[in-house]
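Hi,

Here is the structure I promised to pass on. Have a look at it first, and then read my notes below.

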Amino acid sequence: MSETLLTVDDLAVEFVTRDRRSTALDGVSLRIGAGEVVGLVGETGCGKTLTGLSILRLLPRTARVARGSIRFRDLDLLALDELRMRGVRGSQISMIFQSPGTAFNPLFTIGSQIRHIVGEHQKLSRRDADERIREVLVSVGLPEVERVTRSYPHQLSGGMLQRAMIAMALVNRPALLIADEPTTALDVTIASQILRLLRRIQEEQGFSVLFITHDLGVVRTVSDRVVVLYAGRVAEDASTPDLFREPRHPYSRGLIAAVPRPATRGRALASIPGSVPGDPGSIVGCAFADRCELAIDRCRAERPLARTTGPEHEVACHLASLPEQGWS
Amino acid sequence: MSVGTAPPLDAPATALPLVRVRGLVREFSVPGESGRVVRAVARVDLDILEGEVYALVGESGSGKTTLARCILRLLEPTAGTIEVAGADIGRIRGDDLRRLRRQMQVVFQDPAGSLDPRMSVLDLVAEPIRAHLRTASAQIEAEVVALLDQVGLRRVHLERRPHELSGGQCQRVAIARALALKPRLVVLDEPTSALDVSVQAQILNLLMELRRSHGLTYLLISHDLSVVRHLSDRIGVMYLGRLVEQGPAAEIFSSARHPYTRALMAAAPSTEDMPVRPVLIKGDPPSPANPPSGCHFHPRCWLRERLGCPELCETIEPPFVQAHARHGSACHFADRMTADQPGEVST
Amino acid sequence: MAIGLAQPVVGAPPRGFGHRLRRALLTDPLGFFSLVVIVLLIVMAIIGSAMAPYPMQGEGASSVTTRLFPPSWAHWFGTDLFGRDILSRVIVGARGALVVSVAVVALAMAIGVPIGAIAGYSRGRIDGALMRLTDLFLAFPPLLLAMAIVAALGPGLDHAALALAISWWPWYARLARGTAISLRERPFIEAARSIGIPDRTIVLRHIVPNSLTPILVQATIDIGTVILAAGSLAFIGLGASPPAPDWGLMVAEGRTYILDQWWVSTFPGLAIFVAVLAFNLVGDLLRDLLDPRQNA
């Protein structure tokens with residue numbers, strides 16, 4: 001097991017408005033090793049984006065951390081003061097988003113914006129900074145680096161902007177990159193290029209990635225390990241091949257079975273009945289119990305904790321604890 | 001350029017073209033530059049047979065959405081003909097156009113956005129009935145409830161507004177509304193892209209069931225190849241306004257006859273165990289306002305590169321050629337691609 | 001075969017308008033205050049004469065024995081040059097103020113909203129023609145227009161109202177056009193076209209109802225502004241004429257002796273101020289109440 005870079009432990013996040021308080025994350029724990037790509041997967045409202053934002057302390061004003069801790073190297077991120085946190089953002093931990101257009105200020109050139117990020121965190125001379133910028137833009141496969149540096153965001157295509165955003169996130173050589181649905185808004189062929197690029201740079205430079213997505217196919221392509229979130233809780237945490245070969249949580253199985261694939265052509269897809277619960281914090285037992293065909297009384301009464309069912313394979317389900325039972 | 005009208009093997013008995021498109025062109029003028037036009041659809045021929053699911057596949061700028069809107073007459077074609085059930089619909093207006101609408105309906109990509117936020121489910125589904133049929137108002141509610149029942153919704157949903165429904169429920173309302181006039185053709189414009197995986201599965205199942213029970217014909221527009229593979233009988237692949245390949249779904253997926261199609265297949269991520277596939281596509285897609293000469297795909301084409309960049313690709317637009325009655329493509333060197341290896345070239 | 005019957009959305013049911021109104025009022029003192037004022041104005045408009053301590057003077061009867069009395073227990077707001085109780089005149093004058101401003105705003109909306117909605121939805125030549133018409137009316141200086149109408153038709157509150165409505169409708173046309181343009185591209189409008197709904201029905205049933213929020217908010221604020229404008233017109237003699245208890249007229253009448261008998265102009269002036277402020281605040285409140293639901 002590689003050295004651990006980031007540990008999220010029992011993280012709980014609530015939304016507090018004038019008349020309501022609802023739980024969005026209800027005890028999420030995960031671990032990211034050095035040089036590891038961890039996929040965080042789930043459907044709308046499961047809390048995956050919120051988890052990413054929590055790590056960087058970029059939560060919206062109405063959200064607050066109710067309990068838990070996030071440790072990055074030897075830092076306790078939730079306890080850090082804002083000034084030191086800003087030192088972490090963009091240099092030790094970076095984030096890229098779904099729509100590259102929103103990462104860039106339309107009024108400034110790409111070059112000047114990246115230079116700004118460099119200047120915030122490193123003390124480089126102008127010449128060294130420009131050299132670093134050129135280096136990182138080349139590394140993301142952008143042609144005509146000089147032209148791109150002088151361009152404004154609207155002058156670049158979606159694919160090029162996405163590469164520029166990745167470059168901006170990597171310019172200060174972060175140890176961890178959080179990628180929130182970076183290819184969802186892109187065409188299939190461009191997306192595959194970007195995913196390939198990310199994999200390549202990640203292998204070359206050795207940084208870790210937390211890859212947040214709802215697309216199971218993408219997560220399979222890009223990650224070493226997958227964490228499946230449901231209703232603000234971790235359902236399953238396994239290596240990518242293990243998860244897809246032998247998913248052990250009923251939700252993971254349902255999700256994977258619902259994706260159309262060659263074998264299902266012309267036949268009905270297995271679908272999960274019901275819908276996601278609104279406020280997971282108020283559920284006593286397993287959040288998935290209402291929709292699970294295997295649910296027993298214990299599932300509704302007692303919340304399942306993550307159990308190890310194999311090497312690097314954890315499942316939060318009462319029925320999946322013993323791999324020898326041949327349960328599948 | 002005939003596309004071959006022999007019916008697919010598993011199509012229902014009456015396999016006549018419900019929709020016939022010949023030489024369709026749709027241009028848009030470039031704002032700010034007088035005289036310059038963008039050819040969103042450039043001389044497309046295709047047939048949609050009654051009872052089948054025909055999928056139009058392509059990325060942004062391919063023209064698939066524009067083509068669908070021309071068929072639906074939400075846009076008027078610049079040139080070419082469109083025949084629906086034998087009638088030329090390219091230039092009809094007014095009441096004729098309104099009557100035509102009863103035969104073709106559409107389900108849009110944005111489930112909540114395609115419903116008027118101020119209307120109740122009852123009003124939304126009843127709207128087409130009220131606009132076209134002389135149904136007595138006492139009976140309208142009964143018809144709406146029957147439609148809701150077909151899509152898996154209940155009476156209790158009648159008074160709800162779109163913002164009180166989930167994405168999947170909104171899309172069911174949209175489907176119910178599309179069925180209200182008993183159309184023959186339903187255009188599905190990315191019907192599940194905005195939905196979660198589990199909801200998508202429910203909606204896809206619903207669409208399949210409705211097609212069987214109502215004898216519908218679907219024109220499916222999608223960029224998601226797994227959905228296309230799951231639902232369609234025949235597929236048309238578009239690139240920068242041109243139809244570059246058309247054929248039965250199984251053949252397109254196993255042995256495509258255009259390098260772009262193969263690149264598309266190779267790029268689509270899958271949840272299944274796949275051998276590592278080469279990424280076959282290079283560079284960014286060109287702008288539809290400024291398409292490359294000859295074959296639009298040539299600057300990004302892996303096949304051309306493997307063959308040593310023959311000049312033909314740059315100079316002559318490849319004609320659409322039928323390999324056999326049902327499968328054709330527009331590539332000078334289609335035969336040089338081997339049947340199974342996606343990136344391999346035969347010598 | 002399982003179609004997957006849809007369940008109702010789980011979670012807290014959406015809050016009704018009434019509930020949100022109550023919550024907004026409890027947390028927003030200014031909003032609460034403004035609503036109270038408006039209710040008071042409406043009550044005064046309806047039963048003014050019954051509320052006023054000296055109803056006949058409110059209507060205009062003079063009382064020579066009580067000229068220019070300062071504020072006292074008998075006359076809370078004092079009396080004017082003709083001995084009339086100013087409080088009564090302010091109360092009775094509320095009807096005129098409200099009726100005129102609501103009439104003006106309603107008329108301006110009735111003219112402007114259809115023009116703007118049709119222009120925004122149609123675009124092209126129709127849009128161009130309608131917008132040039134709108135620009136034409138926008139260019140008329142309201143005051144000049146009012147004077148022209150009064151010169152042609154004679155003085156009077158109704159003529160002042162007509163002049164104001166003619167000056168005001170272009171703003172609604174612009175507003176309606178803007179919302180129509182943005183709505184036009186929304187999927188549900190395209191869906192309506194695909195169903196075969198004729199354009200005029202689309203404008204009437206889909207565009208206009210969905211444009212109402214910004215228009216209603218503007219209309220509410222405008223009621224206050226029109227009160228001010230009508231008051232200004234009366235001030236320069238182009239609106240109501242004596243002995244009507246028009247607030248603007250009352251301010252004008254007290255102008256000449258404002259330094260010594262300050263109350264004659266001040267209280268009607270305050271009435272205008274409070275009314276305009278209340279309508280502005282209610283407009284803001286309305287925007288907050290209506291908008292979240294509109295962001296579908």
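What covers the buried residues of helix 8 of chain C? Before the answer, some housekeeping. This is a predicted model, in which local features need pLDDT of at least 70 and side-chain atom pairs count only at pLDDT 80 or more, while totals for chains, interfaces and linings use all residues. Residues are numbered from 1 along each chain as its sequence is written, and chains are lettered from A and ligands numbered from 1 in the order in which they are written.

**Helix 8 of chain C**

The cover includes helix 2 (94-101), strand 6 (104-107) and helix 3 (121-132) of chain B, along with helix 7 (157-184) and helix 9 (199-235) of chain C. Helices (H or I, at least four residues) and strands (E, at least two) are DSSP runs, numbered from the N terminus. Helix 8 spans residues 187-195, and its buried residues are F188(C), I189(C), A191(C), A192(C), S194(C) and I195(C). Buried means that 20 or more other C-beta atoms, placed from the backbone, lie within 10 Å of the residue's own. After the helix comes G196(C), with a positive phi near 95°.

**Where chain C meets chain B**

Here 23 residues of chain C are in contact with 35 residues of chain B (contact: C-beta atoms, placed from the backbone, within 7 Å). Helix 8 gives the most to chain C's side, with seven residues. That side divides into 14 nonpolar, six polar and three charged residues. Ala, Val, Leu, Ile, Met, Phe, Trp, Tyr, Cys and Pro count as nonpolar, Asp, Glu, Lys and Arg as charged, and the others, Gly among them, as polar.

**Chain B itself**

Chain B has eleven helices and twelve strands. Its radius of gyration is 21 Å, close to the 20 Å from the globule rule for 347 residues, so chain B is as compact as a globular protein of that length. The radius is taken over C-alpha atoms, and the rule is 2.2 Å times the number of residues to the power 0.38. Of the 347 residues, 50% count as buried.

**A helix pair in chain A**

Helix 7 (158-170) and helix 8 (188-205) of chain A pack at about 20°, with axes 10 Å apart. Axes are lines fitted to C-alpha atoms over the stretch in contact, and angles run from 0 to 180 degrees between N-to-C directions. The two helices are therefore roughly parallel (angles under 35 degrees). Among the residues that meet are I166(A) and L170(A) from helix 7, and I194(A) and L197(A) from helix 8.

Best wishes

Terms used
Buried ≥ 20, exposed ≤ 12 C-beta atoms within 10 Å, placed from the backbone. Contact = placed C-beta atoms within 7 Å. Parallel < 35°, antiparallel > 145°, perpendicular 65-115°, else oblique.
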